[in-house]
Amino acid sequence: MRIAFKTSYDTDIDFHEHWNNRFWIIALVVVMALLPFIVSEYYLAEVANTLIFSLAGMGLMLLVGHTGQVSLGHAAFLAIGAYTDAALMNAGWPFLIAFPVAGLAAGLFGALIAIPAVRLSGIYLAIATLAVFVIVEEIIILAEPITGGVGGLFAPTIEIFGLSFDRYANLSNFYWLCLVIVVLVTLGYSNLMRSSTGRSFLAVRDSEVSARALGIDVTRTRALAFGLSCAVTGLAGALMGHFIGFFNYELFSIFISINLLLVVTIGGLGFIQGAFLGAILITAMPQIIAILRDGLNATAGIDLGSIPGLDTIIFSLILITFIIYEPAGLYGRWLKMRVWWEIFPLARRDMFRRQKSYLKTERQK
Amino acid sequence: MSLLKAEDIAVHFGGVKAVDGVSFEVDEGEVFAIIGPNGAGKSTIFNLISRIYTMTRGKITFDGTDITRLPSHKVAPLGIARTFQNIELFDHSTVLQNLLMGRHTHRSTNFVEDILFLPKVRREEREHRKRVEEVIEFLELEAYRGKMIAGLPYGVRKVVEIGRALAMGPKLILLDEPASGLSVEESQEVAFWIEDMRRDMGLTVLMVEHDMKLVSAVADRVLAVNNGRPLALGTPAEVQSDPHVQAAYLGTPEEDAA
Ligand SMILES: Nc1ncnc2c1ncn2[C@@H]1O[C@H](COP(=O)(O)OP(=O)(O)OP(=O)(O)O)[C@@H](O)[C@H]1O
Ligand SMILES: [Mg+2]
C-alpha cells in the first residue's frame with residue numbers, strides 16, 4: 001500500500017502525487033517516441049490513427065465528460081478543422097500557421113453555435129448539434145471552390161522548416177508530429193482541469209443552481225467548454241485530413257460522431273485517460289475481431305466471414321456489455337484493479353459496489 | 001446599519017402566491033432567522049435573494065446595491081453565499097474540489113492562463129488552498145479532504161456545503177435548514193459554528209430553520225411567515241409567544257385570519 005506524505009500544497013497542485021506515477025508517464029512517452037524504430041510501418045500508421053482519435057476523443061471528453069453536455073455533431077468540427085487546414089495550405093499557408101488557425105476556426109464556430117445551443121440540454125442539445133452537423137455537411141458540398149464539393153480535396157504534404165512530414169513518404173515524421181501535438185494538448189487539458197476554469201466546468205456539470213450561487217456564469221462556461229472542445233476536435237480533424245490524404249464530406253459522417261461518443265463513454269467519462277483507452281479500443285476493435293475470426297476459421301474451420309454484418313454485431317455487443325457492466329468505462333475498471341492490487345489481499349467483494357446516493361428533488365430549495 | 005433589505009417582495013407561480021408581500025431588514029453582524037410551517041415560502045425567499053426566481057413585485061437591496069434584476073451569477077461576487085435545503089454539492093468531485101469551487105469569485109486568471117498554467121495560476125491556487133484549509137480546520141473536515149461527495153454520509157455533506165459557502169469569504173451567508181436531518185450533537189455543533197461565524201468571521205447570517213431550540217440559541221431576531229405572508233417579527237421569545245404564530249403551527253382556524 002502506498003501512502004503519500006504531503007508536505008506542501010504544491011503536492012496537490014502538481015500532476016502526480018506519487019513519483020512512480022510520474023515515472024510511468026515519462027516512460028510511456030519515451031516508448032511512444034521510440035515506436036518508429038520498433039514497429040512496422042503498418043502498425044505505426046495504426047498508432048498514428050489511434051493518436052488522432054485520442055485527440056478528437058479529448059475534444060469530446062471536455063464537453064461530455066467534464067461539462068456534461070452531449071454533442072452528436074462533432075464530425076462537423078472535425079470537418080471544419082480538416083477543410084480549413086487543407087484549404088489554407090492549398091492557398092499557400094504554411095502548416096504551422098494553417099493548423100492552429102484550423103483549430104481556432106472550429107473553436108470559434110463552436111462557441112458561436114454554443115451561445116444559443118447551450119441553453120438547451122439533454123436530448124434537445126443532442127438534436128441541435130445534429131442539426132448543426134447536417135448544415136455544415138451541406139455547406140461543405142455547396143462551397144465547391146474551397147472544399148472541392150462532392151469530389152473532395154487533397155491535403156497537401158506538411159512541411160516544417162523544409163522538413164517533410166508526408167504521411168506516406170515520411171511516416172515516422174508524421175507520427176512524431178501527431179505525438180507532439182497530442183502530448184501538448186494533453187498537457188493543456190490537464191492544466192485546465194487543475195485550475196479554476198476546469199473546476200467551473202465540473203460545477204456546471206454536477207449542479208447548475210450551485211454553480212450559479214457560487215458566481216459561475218453557466219451560459220458563458222458552457223460556451224467556453226463548447227468552443228475549447230470544438231477547437232481540439234478541429235485540430236484532430238486537420239490531422240485526420242493529412243492522414244487520409246484525399247477526402248470529401250463522406251469522411252466526416254454521423255458515424256464518426258457516434259464513434260467519438262463511444263470513445264469517451266467506453267473510455268470512461270470524466271477522465272482524460274479515458275479518451276486514450278477508448279480510442280485504443282475503438283480503433284483496435286475491428287482488427288481484433290478480424291484476427292479472432294481468422295483464428296476461428298483456421299482452427300475450427302468455422303467461416304464467420306461469410307455471414308455479412310457479423311463484425312458490426314460483435315462490435316455492438318461488446319459496447320453494450322461495457323455500458324451495462326462498467327459505466328465508469330475502461331479507466332474506471334483500471335482504477336479499481338489498481339486499488340485491488342495496492343491493498344492486496346485486503347480488498348472486499350462489495351468494495352466497489354455502487355453507492356446509493358441521496359435523491360435530489362426538482363424543487364430548488 | 002442594514003446589510004440586506006427586502007421591501008414588499010412577492011412571487012407568484014400561476015395561482016400559488018409562494019411569497020406575497022414580505023419585508024424585512026437584516027443588520028450587519030446579525031443572526032436573523034426565518035421560521036414557518038412547511039410550504040410557508042421560506043426557501044422561496046432565499047431563491048429570490050439568490051435570483052433563482054424573479055420577483056413579481058418588490059425590491060431587494062444588498063449593501064446599497066439593488067439586486068432585484070441582477071443575473072443570478074452576479075449575486076455571489078457581491079458577497080452573498082448560500083446553502084440549499086436539499087444539498088446541492090458537486091457529487092463527482094472531492095470535498096477539497098468542492099471547497100475550491102467556492103473560491104470562484106476570487107479567481108483572477110482567464111482560461112488561456114489556466115491552460116498554460118502560468119506561475120500566476122499556481123500562486124493563486126496556493127492562495128485558494130490556504131483559504132480552503134482554514135475552512136477545513138474550522139469545520140473539522142480534515143478526514144474527508146480527498147473523499148468523493150457521492151460516498152459521504154448526509155451529515156458530512158451538510159457541513160461540506162456550509163464549508164463551500166464559507167470558502168467564498170462572503171459578507172452574508174444564507175443557510176437553508178442547516179440542522180435538518182442532523183443528530184442532536186450535530187445540530188449543537190451547527191449552533192457553535194453559527195456563533196463563530198458571527199463573532200470570529202464577522203459574518204451576517206440569514207437562516208431558515210425549523211428547530212426552535214437552535215433558533216432561540218443563535219438568532220437575534222426571527223421573522224415568522226405563513227402562506228407567503230409575514231406573521232410576526234421580533235426576538236425568538238417574542239415570536240414564539242405570538243398568538244398568530246402559535247395558531248399557524250397548531251393549525252387552528254385563526255390561521256386564516258392571519
Ligand atoms: N418553482 C415553483 N413553482 C411552483 N410553485 C413553487 C415553486 N417553488 C415553490 N413553490 C411553492 O411555493 C410554496 C412555498 O415553497 P417553499 O419551498 O418556499 O416552502 P418552505 O417554506 O421552504 O417549506 P419547507 O419547510 O417545506 O422547506 C409551496 O407551496 C411550493 O409548492
Ligand atoms: Mg424550504
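Colleague: Buried means under 20% relative accessible area, exposed means over 50%, and partly exposed lies in between (1.4 Å probe, protein chains only). Where does R221(B) fall?

Modeller: R221(B) is partly exposed, at 23% relative accessible area. Keep in mind that this is a predicted model, where local features need pLDDT of at least 70, side-chain atom pairs count only at pLDDT 80 or more, and totals for chains, interfaces and linings use all residues. Residues are numbered from 1 along each chain as its sequence is written, chains are lettered from A and ligands numbered from 1 in the order written, and side-chain values use heavy atoms, leaving out hydrogens and water.

Colleague: Okay! Which residue does R221(B) form a salt bridge with?

Modeller: E30(B), with the closest N and O atoms 2.5 Å apart. A salt bridge here is a side-chain nitrogen of Lys or Arg within 4 Å of a carboxyl oxygen of Asp or Glu. R221(B) sits in strand β9 and E30(B) in the loop between β2 and β3 of chain B, 191 residues apart. Helices (H or I, at least four residues) and strands (E, at least two) are DSSP runs numbered from the N terminus.

Colleague: And E30(B), buried or exposed?

Modeller: Buried, with a relative accessible area of 7%.

Colleague: What does R198(B) pair up with in salt bridges?

Modeller: One partner is E195(B), at 3.5 Å from N to O. E195(B) and R198(B) are both in helix α6 of chain B, three residues apart, about one turn of the helix. D220(B) also forms a salt bridge with R198(B), at 2.7 Å between the closest N and O atoms. D220(B) lies in the loop between α7 and β9 of chain B, so its pairing with R198(B) in α6 ties together parts 22 residues apart in sequence.

Colleague: New topic: how many residues are in contact between chains B and A?

Modeller: 51 residues of chain B are in contact with 38 of chain A, where contact means heavy atoms within 4.5 Å. The helix α4(B) gives the side of chain B that touches chain A its largest share, eight residues.

Colleague: How many salt bridges cross that interface?

Modeller: The rule finds one. E125(B) pairs with R199(A), with the closest N and O atoms 3.1 Å apart.

Colleague: What about E124(B), buried or exposed?

Modeller: E124(B), in helix α4 of chain B, is buried yet has no salt bridge. Its nearest side chain of opposite charge, R107(B), is 5.6 Å away. For charge, Lys and Arg count as positive and Asp and Glu as negative, while His and the chain ends are not counted.
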